[in-house]
Amino acid sequence: MRFSGVHFLDFQRLGLRIALLAAIALATAPLNLAAAQTQAPALWTVPEVGALPNDAFGSQIRRGRDLVTATYALIGPEVPDQTKRFAGNNLACSNCHLQAGTKKFGLPIFGLFELFPQYSARRGAEITIVDRVNSCMVRSMNGRELPNDSPEMQAIVAYIRFLSSGVAQGQIVPGLGAGAMPELKRAADPVRGRAVYVKSCLACHNTDGSGIRRSLPTTDLGYMMPPLWGPDSFNDGAGMARLITAANFVHFNMPHGADYLNPQLTVEQAWDVAAYLISQPRPKKAGLEKDFPDLLQKPVDTPYGPYADGFSEQQHKYGPFAPIRAAIARAKKKQ
């Protein structure tokens, strides 16, 4: 039978197809409904400072961010108000805490506020977030402590707290620290590292590691590219003066444009160039022998003694670290 040029059999086939599709739709409807009702897990992201209101709360947090990104201009050693000269060099906190402390594995400061107070092996006691900030001031910034109640300290803490908005007490958010690449089975080599430095670092950090100053002869505007050693760099008590921290930081962040998803140096290159960096002269911090009162809790790459494991300062500085860890583990078992 034919209707307007179409066979009746064609209508039957079409009807069967429609019925089959309807049956499939009905069968999968509960699955689709369940999928629609299942929400993706909550994703924490760094809060946006620019979205804060222009009130006292927002102004304090913005001031804290400015202190992180332009430390040299606000509390540096050459600011006009001598009472505000807390930093001892012309670095910015953001030279180590990249992108104002928001870059993953760029030593970020987000997600930290709720982790304090915490035990500090270096201090041998519990410390607050204020203590931790001042540790950076006297080591990385090679300066003096900010008073706890100073507007600068209060602003920095407010900024760190804001960057931790939405992070629960004790929660560890992804991207903290400087990363963790495989360690070498040999000692890191400053001689090999110098060749890496010349090829990949010298253009930004200068032939003598002195960096590139801004707007010379003006002296209070910090660096376009920070010094890695020398009198205006971090001192030998800073975390960046330790090989494991420096090597991972370099691997996951340097040269400019690299990140943890796209490292530009090999693992060996990063270890060796970091060894070259920490082998260079820098300011000395007095009293380092008092750090880590429990020597068995001293990090294996601490480049200054005393030690409780029988290994030399040279091996603690450049590795390899596995034998040191084994010796410390044996000593702890005997306690």
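At the start of helix H7, a side-chain oxygen of Asp 189 lies within 2.9 Å of the backbone nitrogen of Val 191, a polar contact in the sense of a pair of N or O atoms within 3.5 Å, one able to donate a hydrogen and the other to accept it. The model is a predicted one, in which local features need pLDDT of at least 70 and side-chain atom pairs count only at pLDDT 80 or more, while totals for chains, interfaces and linings use all residues. Residues are numbered from 1 along each chain as its sequence is written, and side-chain values use heavy atoms, with hydrogens and water left out.

Helix H7 spans residues 190–200, and within it Gly 193, Val 196 and Tyr 197 are buried (buried, under 20% relative accessible area; exposed, over 50%; partly exposed, in between; 1.4 Å probe, protein chains only). Seen down the axis of H7, these buried residues fall within an arc of 105°, so they line one face of the helix; the arc is that of the directions from the helix axis to the C-beta atoms. The face turned away from the buried side carries Val 191, Ala 195 and Lys 199, which are exposed. The cover over the buried residues of H7 includes helix H8 (202–205) and helix H10 (267–278). Helices (H or I, at least four residues) and strands (E, at least two) are DSSP runs, numbered from the N terminus.

The axes of helix H2 (residues 56–69) and helix H6 (residues 151–163) come within 7 Å and cross at roughly 100°, which makes H2 roughly perpendicular to H6, a class that covers angles of 65 to 115 degrees. The residues of this contact (heavy atoms within 4.5 Å) divide into 8 nonpolar, 3 polar and 3 charged. Among those of H2 are Ile 61, Leu 67 and Val 68, and among those of H6 are Ile 156, Tyr 159 and Phe 162.

Lys 285, in the loop between H10 and helix H11 (313–318), counts as partly exposed at 24% relative accessibility. Leaving aside neighbours within four places in sequence, Lys 285 is in contact with Val 138, Arg 139, Asn 235, Asp 236 and Gly 237.

Two cis peptide bonds may be described in turn. The bond from Met 254 to Pro 255 is cis, with omega near -5°, and Pro 255 is in the loop between helix H9 (243–253) and H10. The bond from Gly 305 to Pro 306 is also cis, with omega near 5°, and Pro 306 is in the loop between H10 and H11.

Key. Axes fitted to C-alpha atoms, helices over the stretch in contact; angles between N-to-C directions. Parallel < 35°, antiparallel > 145°, perpendicular 65-115°, else oblique. Nonpolar A, V, L, I, M, F, W, Y, C, P; charged D, E, K, R; others polar.
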